[in-house]
Amino acid sequence: ASRVMVASRNYADFASEATFEIKKCDLHRLEEGPSTTAVMTREEGLHYYKTMQTIRRMELKSDQLYKQKIIRGFCHLYDGQEACCVGLEVAIKPTDHVITAYRAHGFTYARGVPVREILAELTGRKGGCVKGKGGSMHMYTKNFYGGNGIVGAQVPLGAGIALACKYFGKNEICLTLYGDGAANQGQIFETYNMAALWKLPCIFICENNRYGMGTSVERAAASTDYYKRGDFIPGLRVDGMDVLCVREAAKFAAEYCRAGKGPIVMELQTYRYHGHSMSDPGISYRTREEIQEVRSKSDPITLLKDRMVNSNLASVEELKEIDVAVRKEIEEAAQFATTDPEPPLEELGNHIYFNEPPFEVRGPNQWIRYKSVS
């Protein structure tokens with residue numbers, strides 16, 4: 001009976017949309033910035049909530065599988081930063097392009113890869129999104145270029161993607177992400193220069209989660225104003241814990257790039273709940289109290305939930321039903337990821353290039369020549 005009541009409220013009692021005040025962005029070399037109000041429909045809010053909750057639960061399940069030694073190797077979790085990838089994704093088009101560093105699970109899901117394929121990739125199974133050959137740090141899908149392990153090296157790659165966008169004249173843009181730890185890399189400044197000279201449609205996005213591995217931004221950078229680091233490139237500093245703030249800033253930046261004005265820099269001020277990677281407990285360089293304070297005051301999922309309930313876009317019961325459905329989806333995905341077979345050895349020589357005709361390649365057995373398939 002309660003479910004029927006909730007369902008009936010969908011059409012009768014809930015507001016169809018609401019307007020919210022959001023934090024003003026800090027600006028660099030811009031006369032005006034994103035709006036300080038955001039309209040969110042009920043449908044959008046439910047989508048944002050389910051997506052962020054799915055990413056959160058997926059990462060917590062990854063933590064569990066890692067501790068059970070089912071996931072091995074490098075594993076960098078995204079919980080706490082969900083508003084970043086979700087806010088960015090809903091502000092751009094599926095035909096736009098995204099490239100990021102190794103903390104990539106959230107972006108992989110936001111770009112459309114099912115949870116079961118992400119978890120299966122983490123466990124090295126053939127049903128993974130790159131057939132078990134990429135693992136945590138190297139996930140790809142259409143218009144999503146990873147998942148890159150070399151610190152900061154994806155930034156010049158992102159500029160290259162943006163150059164292709166401009167060259168082919170499709171009015172597409174590239175979101176190029178890196179962390180505060182990578183922000184001091186020389187190749188990033190070289191890329192800024194080239195992107196500005198060529199007016200590339202590239203949004204350079206620094207996900208500032210306050211710690212590069214175990215080093216705080218204050219100890220690592222003479223200037224922590226990452227949105228000003230482009231110098232001659234305009235910049236925005238955004239509340240990365242608020243999905244609406246990220247969405248509005250990303251819409252503004254996307255319009256700026258599509259207008260042919262060249263690149264723009266965004267700094268998303270966010271926070272990771274886990275350590276840098278699963279090998280880092282995350283409490284040797286910061287306190288448990290600090291983490292708890294961020295969780296209690298700035299959690300992106302709680303913030304969205306409170307907004308939706310207080311503005312009558314959804315009920316607590318309805319959101320709880322979403323939570324239950326998400327947990328079920330994650331458990332089923334984990335079951336698949338732990339029972340799906342591992343890829344055969346000959347798969348190592350396959351999918352070296354995309355859409356190329358088969359060619360001979362040396363596989364795991366040096367005496368056998370394999371035909372690589374795309």
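# Helix packing around H2

Me: Why are H2 and H5 called roughly parallel to each other?

Reply: The label roughly parallel for H2 and H5 follows from their angle. The axes of H2 and helix H5 (residues 115-122) cross at roughly 25 degrees and come within 11 Å. Angles under 35 degrees count as roughly parallel, over 145 as roughly antiparallel, 65 to 115 as roughly perpendicular and the rest as oblique. An axis here is a line fitted to C-alpha atoms, for helices over the stretch in contact, and the angle runs from 0 to 180 degrees between N-to-C directions. Helices (H or I, at least four residues) and strands (E, at least two) are DSSP runs, numbered from the N terminus.

Me: What kind of model is this, and how are residues numbered?

Reply: It is a predicted model, in which local features need pLDDT of at least 70 and side-chain atom pairs count only at pLDDT 80 or more, while totals for chains, interfaces and linings use all residues. Residues are numbered from 1 along each chain as its sequence is written, and side-chain values use heavy atoms, with hydrogens and water left out.

Me: Which residues of H2 and H5 meet?

Reply: From H2 come Thr54, Met58, Lys61 and Ser62, and from H5 come Val115, Ile118, Leu119 and Leu122. Contact means heavy atoms within 4.5 Å. By class, these residues are 5 nonpolar, 2 polar and 1 charged. Nonpolar covers Ala, Val, Leu, Ile, Met, Phe, Trp, Tyr, Cys and Pro, charged covers Asp, Glu, Lys and Arg, and the others, Gly among them, count as polar. The crossing of H2 and H5 is right-handed, a term used if the near helix is turned clockwise from the far one by less than a right angle, with left-handed for anticlockwise.

Me: What makes H2 and H11 roughly antiparallel?

Reply: Helix H2 (residues 42-67) packs on helix H11 (residues 300-310) at about 155 degrees, with the axes 10 Å apart. That value is over the antiparallel limit, so H2 and H11 count as roughly antiparallel. H2 passes H11 in a left-handed crossing. In H2, the residues Arg42, Gly45, Leu46, Tyr48, Tyr49, Met52, Gln53 and Arg56 meet Pro300, Ile301, Leu304, Lys305 and Met308 of H11. This contact has 8 nonpolar, 2 polar and 3 charged residues.

Me: How do you know whether Gln53 is buried or exposed?

Reply: Its relative accessible area decides. Buried means under 20%, exposed over 50%, and partly exposed in between (1.4 Å probe, protein chains only). Gln53 has 8%, so Gln53 is buried. Gln53 lies in helix H2 and touches Ile301, Asp323 and Val326, leaving aside residues up to four places away in sequence.

Me: Why does Asn171 count as partly exposed, and what is its phi?

Reply: Asn171 has 42% relative accessibility, so it counts as partly exposed. The phi of Asn171 is near 60 degrees, a positive value in a residue other than glycine. Asn171 lies in the loop between helix H6 (154-168) and strand S5 (174-179).

Me: What makes Asn312 partly exposed?

Reply: Asn312 has a relative accessibility of 29%, so Asn312 is placed in the partly exposed class. Asn312 sits in the loop between H11 and helix H12 (316-339). Its phi is positive, about 65 degrees, although Asn312 is not a glycine.
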